[in-house]
Amino acid sequence: MVATCAFGMGIDKSCVRLVVHYDWPQSLEALHQESGRAGRDGAPARCVLVANLQKTPTLLPNAARPAEQVRAGLRRLTALRGYAVLRDGCRQCRLLRYMGEACAAPPPGCACDLCE
């Protein structure tokens with residue numbers, strides 16, 4: 001099965017084993033939401049981000065976008081890039097902290113690529 005964000009990712013299958021993000025999503029929230037399509041049945045699943053880490057993610061050009069909206073978008077993209085280039089710690093903890101939840105240590109059984 002192949003889907004795009006433009007298609008809506010209206011995938012309601014529990015047996016999706018792999019989600020591949022080809023290029024940067026627009027935010028860490030988008031990455032999390034789209035990655036959540038995998039492993040809904042509780043079995044192991046993988047999510048892979050294929051992006052040029054040398055190229056900072058960018059907003060779609062839009063001259064009509066208000067300056068505050070651009071700043072908020074840049075904050076989201078900065079958080080996304082920081083998450084993607086993380087090489088120590090735990091991605092799940094970082095995501096929880098980003099979402100405003102406490103995480104002092106990796107959750108038991110964490111299967112992020114850094115904890116495995």
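Angles between axes fall into classes: under 35 degrees is roughly parallel, over 145 roughly antiparallel, 65 to 115 roughly perpendicular, and the rest oblique. The structure is a predicted model, in which local features need pLDDT of at least 70, side-chain atom pairs count only at pLDDT 80 or more, and totals for chains, interfaces and linings use all residues. Residues are numbered from 1 along each chain as its sequence is written, and side-chain values use heavy atoms, without hydrogens and water.

**Exercise 1. State how many helices and strands the protein chain has, and give their order.**

Step 1. Apply the rule: helices (H or I, at least four residues) and strands (E, at least two) are DSSP runs, numbered from the N terminus.
Step 2. Count them. The protein chain has three helices and two strands.
Step 3. Read along the sequence. The pattern is β-α-β-α-α.

**Exercise 2. Find what share of the protein chain is buried, and what share of its contacts links residues 24 or more positions apart.**

Step 1. Buried means under 20% relative accessible area, exposed over 50%, and partly exposed in between (1.4 Å probe, protein chains only).
Step 2. The protein chain has 116 residues, and 28% of them count as buried.
Step 3. A contact means heavy atoms within 4.5 Å.
Step 4. Take the contacts with a separation of 6 or more. Residues 24 or more positions apart account for 59% of these.

**Exercise 3. Describe how helix 1 and helix 2 cross.**

Step 1. Recall what is needed. Two packed helices are described by the angle between their axes and the distance between the axes.
Step 2. Read the values. The axes of helix 1 (residues 28–35) and helix 2 (residues 67–85) come within 8 Å and cross at roughly 55°.
Step 3. Classify. Helix 1 and helix 2 are therefore oblique to each other.
Step 4. Name the partners. L28, E29 and L31 of helix 1 meet R76, A79, L80 and Y83 of helix 2.
Step 5. Sort them by class. This contact has five nonpolar, no polar and two charged residues. Nonpolar covers Ala, Val, Leu, Ile, Met, Phe, Trp, Tyr, Cys and Pro; charged covers Asp, Glu, Lys and Arg; the others, Gly among them, are polar.

**Exercise 4. Locate the buried side of helix 1 and say what covers it.**

Step 1. List the buried residues of helix 1: L28, A30, L31, E34 and S35.
Step 2. Check their directions. They cover an arc of only 160° around the axis, so they lie on the same side of helix 1. The arc uses directions from the helix axis to the C-beta atoms.
Step 3. Find the cover. It includes strand 1, strand 2 (46–50), helix 2 and helix 3 (91–98).
Step 4. Zoom in on L31. Its relative accessibility is 8%, so L31 counts as buried. Beyond neighbours within four places in sequence, L31 is in contact with H21, P25, L80 and Y83.

Definitions and conventions
Axes fitted to C-alpha atoms, helices over the stretch in contact; angles between N-to-C directions.
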